[in-house]
Amino acid sequence: MTLSKFIDKSLIEVNLASSSKEEAISKLVDRIDRRTKIVDKKKVLDELLEREKGMSTGIGEGVALPHVRTSNVSKISIALGISKEGIEFNSFDGKPAHLIFLLLGPNSDNENYLTMMAQITKLVCTERKREKLLQARDPKEVIQFIIEMEAMR
Amino acid sequence: MKVANYMVEDVITLSPNKSFEEILALFRRESFDCLPVVDNERRLLGVVSRTDLLKIFVPEYFALIDDISFIKDFGAMEVDHKSAEMMERLLVAGDIMTTKVITITADSSLFKAVALMRKYNIRVIPVVEGEKLVGIISRTDLMKAFL
C-alpha cells in the first residue's frame with residue numbers, strides 16, 4: 001500500500017491560501033469530498049476540529065497532519081495543501097505549517113490508516129524532502145516526487 | 001461458572017484522545033496486554049494492545065517475510081528516527097485502537113471465554129452490557145477459576 005495510490009492531482013492544492021487552520025482543514029475536506037463523496041462533510045469537519053482541540057496535529061518543521069478515523073468515509077482519503085506563507089497551526093515547535101496533509105480513514109481500518117500516516121511522516125522527515133515539496137509548481141510535480149521517494153524505499 | 005464471578009470490574013481505560021506518550025507510559029508501568037478505549041459514557045470503542053503499539057514501528061512488508069533467519073542486518077528496516085518521532089506526536093488512542101473487538105457478556109459461561117481466547121488467540125476479553133464496558137476477563141482470571 002503506497003501513498004501515491006491514494007493521492008491524485010485533484011487532491012493537491014499547491015497554493016493553499018488560508019488565514020487559519022480551520023479554513024485550511026475545511027478547504028482540504030472540500031477537495032476530498034469533491035473526489036470521493038463524504039457521507040457527512042460537516043460531521044467530519046467537526047471531528048477533525050475536535051481532534052485539534054485535544055492536541056494539535058502541527059508536528060513541527062512546517063508540517064501538519066490533521067487526521068481522524070470516521071464512519072463518514074469508506075476508504076482512506078488524503079489531501080495535501082501547500083502554503084508558501086505558512087498557516088498558524090499551534091505546532092509543536094511554534095512554527096507555521098507549510099505542508100498540510102489531511103488524512104481520513106474508516107473506523108474499521110486502523111492498519112492502513114497508520115501505514116499511510118507513517119508514509120506521510122517519512123515523506124517529510126528531512127528538510128530536503130520538505131523543500132522539494134514546497135517548491136513544487138503544480139500537483140503533477142508533487143505526485144512525481146512521491147513516486148520517486150516510494151521507488152527509493 | 002459465569003464470567004461475572006471472575007471478571008475484573010475496576011478496569012483502567014483509555015479515552016480516544018489519550019496521547020501516544022501517555023499510553024506508552026501506562027504500558028511500561030503495568031503489565032497489561034491491552035487496554036479498552038471508551039467514550040464518556042463508557043461505551044466500548046476499541047482496544048489498544050501491546051502488539052498495536054509495536055506494529056506502528058515495524059515496516060508493513062515485514063508481515064510478508066516468512067523466514068527471517070536469512071536477514072543478517074535489520075538496520076535498513078528500522079523506521080527513520082525523525083519519522084518515528086513525528087508519529088509519536090501525532091497519535092492518540094483513537095488512531096491506534098482496533099475496533100473489531102471480541103467481547104463477551106457477564107452472564108456468559110467461563111467456558112465461552114476460554115473458547116474465544118483459544119479461537120482468536122487473545123489474552124483478554126472486554127465484558128460488555130450492550131455497548132458499555134462492565135469489566136474484563138483475562139487468562140489470569142480464568143486460571144484463578146479453573147486451577
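Colleague: Why is B:E85 called partly exposed?

Modeller: In this predicted model, B:E85 has a relative accessibility of 28%. Buried would need under 20% and exposed over 50%, so B:E85 counts as partly exposed.

Colleague: What makes B:R89 and B:E85 a salt bridge?

Modeller: Their side chains meet at 3.3 Å, N to O. The cut-off is 4 Å between a side-chain nitrogen of Lys or Arg and a carboxyl oxygen of Asp or Glu, so the pair qualifies. Both residues lie in helix 3 (residues 81-90) of chain B, four residues apart, about one turn of the helix. Elsewhere, salt bridges that share partners join B:D39, B:E41 and B:R43 into one network.

Colleague: How many salt bridges are there over all chains?

Modeller: The rule gives 16. In general, side chains of opposite charge can pair when their charged atoms come close.

Colleague: Let's turn to chain A. How do you know that A:K42 and A:D46 form a salt bridge?

Modeller: The closest N and O atoms are 3.0 Å apart, and the limit is 4 Å, so the pair counts. A:K42 and A:D46 are separated by about one helical turn because they are four residues apart in helix 2 (residues 41-54) of chain A.

Colleague: Why is A:K42 called exposed and A:D46 partly exposed?

Modeller: A:K42 has a relative accessible area of 57%, and exposed means over 50%. A:D46 is at 39%, which falls between the 20% and 50% limits, so the label is partly exposed.

Colleague: Why does A:E13 count as buried?

Modeller: A:E13 has 16% relative accessibility, and buried means under 20%, so the label follows. A:E13 lies in strand 1 (residues 12-13) of chain A. Leaving aside neighbours within four places in sequence, A:E13 is in contact with A:R31, A:L80, A:G81 and A:I82.

Colleague: What makes A:R51 and B:D95 a salt bridge?

Modeller: Their side chains meet at 3.8 Å, N to O. That is within the 4 Å cut-off, so the pair passes. The count between chain A and chain B is one salt bridge. The rule also finds 11 residue pairs in polar contact across this interface. Helix 3 of chain A gives the largest share of the side of chain A that touches chain B, 10 residues.

Colleague: Which residues touch the most other members of the largest nonpolar core?

Modeller: They are A:I100, A:F101, A:L104, A:V142 and B:V48, in a core of 69 residues. Not counting residues up to four places away in sequence, A:V142 touches A:I12, A:V14, A:L80, A:I82, A:L133 and A:A136.

Terms used
Residues are numbered from 1 along each chain as its sequence is written. Chains are lettered from A and ligands numbered from 1 in the order in which they are written. This is a predicted model: local features need pLDDT of at least 70, side-chain atom pairs count only at pLDDT 80 or more; totals for chains, interfaces and linings use all residues. Side-chain values use heavy atoms; hydrogens and water are left out. A polar contact is a pair of N or O atoms within 3.5 Å; within protein, one must be able to donate a hydrogen and the other to accept it, and residues adjacent in sequence count only if both atoms are side-chain atoms. Helices (H or I, at least four residues) and strands (E, at least two) are DSSP runs, numbered from the N terminus. A nonpolar core is a set of buried Ala, Val, Leu, Ile, Met, Phe, Trp, Tyr and Cys residues joined through side-chain atoms within 4.5 Å. Buried means under 20% relative accessible area, exposed over 50%, partly exposed in between (1.4 Å probe, protein chains only). Contact means heavy atoms within 4.5 Å.
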